Amino acid sequence: MTAAGDSPDPQAAASRAQEVPAADVARAAALRDQLHHHAHRYYVLDAPEIPDAAYDQLFQELQALEAQYPALLTADSPTQRVIGQVLPGLTPVRHTVPMLSIRTETDTTAEGALRFDQQVRSFLASEQRRTLLPASDPRHRAEPLGADALQVLEGHPIDFVAELKFDGLAINLRYEVGVLVQAATRGDGETGEDVTHNIRTIGQIPLRLQGDAPPLIEIRGEVYMRRDDFERLNERQREKGGKTFINPRNTAAGAVRQLDSGALADKKLSFYAYGLGDVQGWDLPPTHSATLDAIEAFGLPVNAERARVQGAEGLVAFHQRIAAMRDALPFDIDGVVYKVDSRALQRELGFVTREPRWAVAHKYPAQEQATRLNGIEIQVGRTGKLTPVAKLEPVFVGGTTVSNATLHNVFELRRKGVRIGDTVIVRRAGDVIPEVVGRMPGARTQYVPNFRMPRECPVCGSTVVRERGGMDHRCSGGLFCPAQRKQAMLHFAGRRAMDIEGLGDKIVDQLVDAGLIRTLPELYTLGVAKLAALDRMAEKSASNLVAALDKSRQTTLARFLYALGIRQVGETTAKDLARHFGAMDRLMDASTEQLLQVRDVGPIVAQSIRTFFDQPHNREVVEQLRAAGITWTEGEGAAAAQAEALPLSGKTFVLTGTLPTLSREEAKERIEAAGGKVAGSVSKKTHAVVAGEEAGSKLDKAHELGIPVLDEAALLALLGTTPG
């Protein structure tokens, strides 16, 4: 067997192969070719041609052949992506061509790109001046500048290649006669560590290059972890009660340097190539962009978000384009990289203090920083959710100074092991709310107790509740709590609730911020004069809103229940409650057991309703709204026997298209009033589809399943009414 660091010996392999039947030699070679092909399609192109099971069958067949005839085993065999080998230590690897770092442009604005273009031009101009000096002058440059450099001096824009700056671990892959024989970390640039055993487990990295590979070529790139793979890893860790990881970059870097490749079994790593190291027996392409294309042709993944651009304007446009899509990328980047495309021009520019003059990393604002957690406060949201908020030592992260960050909920806080006084990692990506993602390692100097959620709302004093099995704590004083005031009013005024036309978010903001109203019942005390005094509110608009408020006083019990904003009570549940109990007082006094008798009301919904009406101030708001003139027709309620007597009881309908006289909402209300249910999609459980003009795919689905199709007249006949 060829060792990982040895060059393959074709003669020795042929000698060993003589001991194996020719048919098996040919079959093993064919299997290797097929598996390499399908691995490239799967891992690199993301376009598999065969299902996983078929790949596994080919893989197992090759494994069996190699087990039967060890002489068939080669270093590039797909079966050599070994997981589970434990090494005594990482062996140093000296790089034939140093893995140098590139200069970083710390100005994260467009000026950083403009400055790099100007620096390249300025250096070439200084070199040109040196060629014009007398030979006796010590500053004289013997060789004249090349054609590419002279074109730049004549005013031609420089051709650059702009790429992503991956936030991972730099790796050097050494291929001999097309076979991967060694993988090493960058280390200090001169000497890295042999991590071949781990790199072989990364499916995107081919064990054998495609096409006509040179005798020796080193491919350089970045090992990283996708965000979705990172999240899945942490989810598995949480399920096992294990330690979670702070960020994808550190996780990937730590995984690559594990002695035991078995540690990578649950850590899916990825790879992108971006350059070359040592190369022998191959004429390099004249440009960096062509080099990347050649690397891709060898079967290695090269990121598609690269561009060949001209001049400073091209660099600025690329920097801005990637910044706009940075948060949507499936992996982390901390900037972009600019490289002069022409290799001839790269040679002219050369190096300074071991950094190439022809390349620069143009950073974006850091998305993660460390700072001190000074305290934890509770924020009550518009829907009553209580969120622990970290009070931080101010830190510049993600392009702005951050002093507050979310801790999501108490369970996340405990999972991350964060306590007051810790040094924590804060992350801010784009417009996302800053969050604390973990704490820095290190022992605490003194005991700090775990943070506990309050039992009462810090804003209104109402009881704080947590739904069974839920993660969030909530204030139960929805109609009373000032923190929820605006949200409660907007929901109350919604079209499917009290339908108060003209009462939008801008008006509610002004009314609440000016202290004109504090509770829902006070909406009905508003007059034209008070409303007309608001910004952008003329007397006619004020009169219209007062009229809408007056109109809303006459409603239905179902709409009123939905308007109250009881958690877990949506529009359909409100209708079921109104139909079942018939009267507001009966509902408010219903026990949990009685609530559970209502269709589709389970323990969580029942408990939420009971908790709402157990708060005295919520009952008080209901009474005040009644006193403000809000009325509806009440009945005896629908007992189970009565519900069965309704004409459409137990039947499910789907509405599609435009009906002649009924709106979609009116048709839905009539069906539900007759005991039926309206669903959003067609299934085998659908009793009938009610179709109007321009009916779409739901009608096709009904025909496919053989479900009856009704027009408006047929629906009204079922309801016992006629159009009118």
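## Helices across the sheet

Helix 24 (residues 664-673) lies across strand 21 and strand 22, at about 170° to strand 21. Helix 25 (residues 697-705) lies across strand 21, strand 23 and strand 24, at about 135° to strand 21. Axes are lines fitted to C-alpha atoms, for helices over the stretch in contact, with angles from 0 to 180 degrees between N-to-C directions; contact means heavy atoms within 4.5 Å. Helices (H or I, at least four residues) and strands (E, at least two) are DSSP runs numbered from the N terminus.

This is a predicted model: local features need pLDDT of at least 70 and side-chain atom pairs pLDDT 80 or more, while totals for chains, interfaces and linings use all residues. Residues are numbered from 1 along each chain as its sequence is written, and side-chain values use heavy atoms, without hydrogens and water.

The open sheet has 4 strands in the order 22-21-23-24, with parallel pairing (pairing requires at least two DSSP bridges between two strands). Strand 21 (residues 652-656) and strand 23 (residues 688-691) pair over 4 bridges; valine 654 has valine 689 as its bridge partner in strand 23.

## Aromatic pairs

The whole structure holds 12 aromatic pairs (Phe, Tyr or Trp six-membered ring centres within 6.5 Å; planes under 30 degrees apart are stacked, over 60 edge-to-face, the rest tilted). Phenylalanine 116 and tyrosine 338 are stacked, at 6.3 Å centre to centre and 25° between the planes. Phenylalanine 116 is in helix 4 (residues 111-132) and tyrosine 338 in strand 10 (residues 333-340), so the pair ties together parts 222 residues apart in sequence.
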